[in-house]
Amino acid sequence: MQRREVLLGSGTVAAVSLLGYANAASTDDTAADEDGGGTAAPSDLDTVLELVPAESALDASYQRLHYASVEEVDENELDHETRRVLDDLDAIESDSVSTVSSVHGENGTLSISAMTGSFDRPEAGDATGEDGDWRIAELDDGDAIAATDDRLVVVTAEDPTGIAETAAEVARGDTESVLKSPENTEPTFERLESSEYVIFLPNLEDFDHLEFGDDVESIGVGFEQPRTRTASSGTRETEFVLGLAPDADVDDDWIVERLERVEPGEFVETSIDRTDGFVHVEAVVDLPPERDRDAAPDARVRAHPVADEGIVTFEHLDGESIDTDELEVWLDGELADAQLADEYDAFVEGDTFELETGPIADVGLRWFDEAEDVYYYYDTALVGGDSFEVSYDGDDTVEITYVGDRDVDPDRLRLVHRTNDGSSAPERTGIDDVSGSLTAGETITVEDVTLGDRVSLQLAAPANPNRGQRPLARYHVRPPRLHLRSRGEGVVARYYDRQDRAAEEFRVLVEDDPGDVQFADVTDTLSEGDEIELGDFPHGTSVAVEWLEPDDPVVVAETVVRPSAHIQLAYDDAEGTVTAEHVDGDPIAADDLELRFDGQPADDQPADEYETFEPGDELASDVQPFTSIELVWDGGEDVEHGLGRAIAGRESIEASYDPDAAEVELVYTGEQPADPDGLVIDHDHEARSGDGDALFAAEYETLSQGDGIVVEDVAPEDRITVMLVQDGENHVSHRSIFHFTPEPRWAFSFDERENGLVAIYRERTDRDADHFEILVDGDDADVQPSDRHETLSMGDEIVLGEFDAGTELTIEWTVPDEPREVTDHVVLPDAEFDFDHRPDDGTVVVEHAGGDEIAAENLGVVVEPTRSEPTGWDDHETVTEGDRTTVTIEETERGRGATVVAVVFQEHRAIAHERIDD
């Protein structure tokens with residue numbers, strides 16, 4: 001082959017989906033940080049990341065974190081699951097969402113997605129509680145949300161409501177965000193702040209196939225634009241941030257060589273910077289073949305491995321025929337000796353192809369169009385993935401037992417043992433303790449395995465192109481997983497490990513002494529999901545749980561009991577005061593509270609007026625505009641807990657754009673005199689670095705109402721951000737307090753009502769109504785914004801009338817020479833669908849249960865996560881009440897499990913769905 005093949009891993013940054021479950025999100029900086037915790041991370045990134053709880057807040061382990069700016073991404077580029085969630089939350093239009101952050105936990109048991117934008121608080125689901133302005137609710141499909149105006153968190157987990165409550169605490173600054181834990185998150189995103197799309201893998205122990213060894217602990221990758229829009233040829237600019245291990249000693253060549261295994265392409269230019277244990281690499285990459293499912297023939301092919309017979313059978317299940325000249329069978333990193341073209345001119349429904357592989361192998365069937373430089377894998381198989389059983393003796397030995405029927409050449413295997421201290425035992429290629437062939441019942445023994453170690457058995461062959469190898473067997477020696485949470489009912493221990501353990505293996509400590517309640521007092525055995533109430537303790541009490549099985553007991557969970565309270569910090573611009581009001585929650589000893597301005601104690605403190613600060617109490621204090629305000633609970637011994645955070649006067653800036661002069665005027669509207677020294681203007685066509693111009697301070701010693709400055713040379717797509725830059729004890733903080741984009745990006749949403757379709761203006765910035773034009777299927781609408789309004793203000797409505805399903809409405813901004821699309825909306829059909837799950841044969845029957853008749857070509861069914869391509873209604877021209885289609889639920893590596901079946905209109909917009917579980 002003349003082309004350069006690049007080896008990628010499933011689970012590498014190149015293979016991770018851009019927009020996973022509920023991952024369409026956006027951020028509106030003007031409102032996002034009023035009651036949320038601030039950090040040193042800059043501008044838009046921190047706003048949405050501060051909605052996601054830290055690992056430590058959930059006792060979770062995050063495998064990957066995504067950030068994407070989707071403000072200019074068309075709705076058609078969003079994934080089906082995102083659109084499904086947005087459809088559930090009918091108060092939110094996808095075009096009112098601009099950036100997204102999400103984390104995914106190990107084993108697929110946890111997904112948290114945060115959205116910010118210009119939408120009202122959704123009222124979807126059954127409310128379970130209120131936390132200040134935050135509404136906690138459970139959705140019909142078992143997920144939970146935490147929602148307020150402009151911000152939303154969606155949780156999929158075993159205990160989604162509890163995590164949603166924690167997310168609200170994070171947003172208010174009461175609990176640490178993901179910027180603090182995993183610890184490499186904040187420094188990674190600080191270096192990737194200008195990227196539109198970021199993927200972060202915080203713990204590379206879960207991604208052995210990336211082959212960074214123990215020298216790299218984490219990796220973040222930033223792209224110029226979402227991967228759904230990446231060019232299929234030419235070059236791409238990509239940034240990487242590697243978090244190095246403390247003892248890592250790697251040179252630039254080693255770094256580039258490893259990154260070339262991660263990024264699909266050839267590095268033609270690199271710039272490398274090393275600072276404080278992190279390596280920041282900026283690379284220009286020549287693109288390799290691009291994965292393009294749409295270009296490949298629409299067919300369903302499955303690989304059926306039978307390790308005991310040493311074969312894989314590819315079967316064409318249904319769909320289009322495939323020219324075998326474009327099909328490649330790959331075996332252990334090489335083109336197999338036998339190819340489909342040897343037997344068939346075309347691979348059609350019902351055809352099968354048998355490949356001899358031996359008892360262990362990595363196999364894939366790839367479609368490849370060399371002229372267009374695109375590929376697609378119809379299926380892959382790991383032969384022998386079920387032929388090994390792993391056990392751990394609880395002391396220091398892991399045993400991997402071969403249970404297959406056919407003998408295995410040990411030279412085809414390699415054993416990787418990663419230790420908890422960051423080092424690796426030498427790889428054992430060939431498995432030195434196996435004499436001759438590996439036969440059924442024979443065991444590979446790994447000794448000196450301690451807590452935190454990982455052992456994996458892998459193929460000793462290279463991966464197939466554009467793919468990565470999965471281990472044949474793996475084991476992670478880790479302590480039991482427990483979580484302690486402090487709520488109104490006291491401290492509760494939740495056991496969420498899959499392995500049952502005797503309760504007597506654990507000891508509860510309260511202030512380092514055995515607690516009055518021990519697990520063994522309540523139960524004999526701990527099973528996944530068990531909860532034990534440990535008692536009610538005063539604020540500041542330290543509670544821990546030890547695991548007693550190791551020679552030296554290990555603390556597996558600990559917490560300090562902190563007050564749970566909603567504190568509202570409200571700034572009164574007319575009076576120049578801030579009022580801290582205890583709205584709801586625990587009474588708190590006033591001596592333990594401290595009101596801080598710019599990190600320093602304020603003159604007025606709660607203890608000046610109260611012994612106990614409880615619901616209904618409030619404290620007013622004079623404060624200058626643009627002061628950072630925080631109310632902190634001090635638990636002693638370096639234990640602090642933020643109860644509320646705000647920036648005085650952050651609403652006191654307005655902007656206007658002059659398109660002819662290409663200028664933006666920023667005006668201070670506050671009634672109080674303000675010091676402009678901390679205000680910095682970032683103009684993002686240059687760089688979003690936080691090192692912009694101090695234009696206010698250059699013009700004014702003190703800001704008065706009406707004072708303004710002009711930012712020149714501003715293109716419609718540029719972003720102007722006003723940052724508050726302050727020196728802290730250990731870092732300089734950059735907090736976004738206002739941002740403005742001349743081009744309206746989320747200016748309208750649409751609402752279907754009894755009187756027809758209504759367009760609602762959503763921006764906080766007033767704009768001339770005659771600067772917008774509404775099109776219906778490309779033609780001028782009968783009703784235009786200027787027919788109803790002279791100036792558009794937030795909340796203004798334009799009633800447009802009734803339209804047929806499938807009609808597309810587009811709103812354009814007409815000020816530039818070339819009108820720009822602001823938003824579009826497709827009118828959806830009004831129809832209901834029933835879902836009949838048949839787990840015995842692994843199918844779902846979808847039936848039109850009433851409503852509009854729909855053209856079959858516009859209707860499809862998507863099954864997540866196994867089938868993201870819509871399947872059609874066979875043998876139908878139109879779909880009406882009573883019509884059915886049957887969809888197969890294909891198995892993943894973990895079986896079928898929880899699945900979402902969605903009916904989609906015009907391939908993109910979900911109009912009905914149901915979650916099923918095998």
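**Asp852.** Asp852 is partly exposed, at a relative accessible area of 33%. I take buried as under 20% relative accessible area, exposed as over 50%, and partly exposed as in between (1.4 Å probe, protein chains only). I placed Asp852 in the loop between β64 (843-851) and β65 (854-855). Helices (H or I, at least four residues) and strands (E, at least two) are DSSP runs, numbered from the N terminus. Next I looked up what Asp852 touches, leaving out residues up to four places away in sequence: Pro829, Asp830, Ala831 and Val879. Contact here means heavy atoms within 4.5 Å. Pro829 is 23 residues from Asp852 in sequence, yet their C-alpha atoms are 6.0 Å apart.

**Ground rules.** I number residues from 1 along each chain as its sequence is written, and side-chain values use heavy atoms, with hydrogens and water left out. As the model is predicted, local features need pLDDT of at least 70 and side-chain atom pairs count only at pLDDT 80 or more, while totals for chains, interfaces and linings use all residues.

**Glu511.** I then turned to another loop residue. Glu511 sits between β33 (506-510) and β34 (513-514). Glu511 is partly exposed, with a relative accessible area of 44%. Not counting residues up to four places away in sequence, Glu511 touches Gly540, Thr541 and Ser542. Glu511 and Ser542 are 31 residues apart in sequence and 5.1 Å apart in space, C-alpha to C-alpha.

**Glu763.** Is Glu763 buried or exposed? I find a relative accessibility of 11%, so Glu763 counts as buried. The residue lies in the loop between β55 (756-761) and β56 (767-768). I checked its side chain for polar contacts (a pair of N or O atoms within 3.5 Å; within protein, one must be able to donate a hydrogen and the other to accept it, and residues adjacent in sequence count only if both atoms are side-chain atoms). One, of 2.6 Å, joins the side chains of Glu763 and Arg767. Another, of 3.3 Å, joins the side chains of Glu763 and Tyr761.

**Strand β55.** I followed the chain back into β55. This strand is mostly covered: 6 of its 6 residues are buried. Which strands pair with β55? I count two strands as paired if DSSP finds at least two bridges between them. β54 (residues 748-753) pairs with β55 in the antiparallel sense over 6 bridges. The two form a hairpin with 2 residues between them. β60 (residues 797-801) also pairs with β55 in the antiparallel sense, over 4 bridges. Ile760 of β55 is the bridge partner of Ser749. In β60, the bridge partner of Ile760 is Glu797.

**Cores.** Of its 43 residues, Phe626, Leu666, Ile737, Phe748, Phe772 and Leu800 touch the most other members. Apart from this core lies another, of 31 residues, including Leu49, Leu65, Val153 and Ala167.

**Helix α7.** At the start of α7, a side-chain oxygen of Asp251 comes to within 3.3 Å of the backbone nitrogen of Asp253.

How values were computed. Core = buried A, V, L, I, M, F, W, Y, C linked by side-chain atoms within 4.5 Å.
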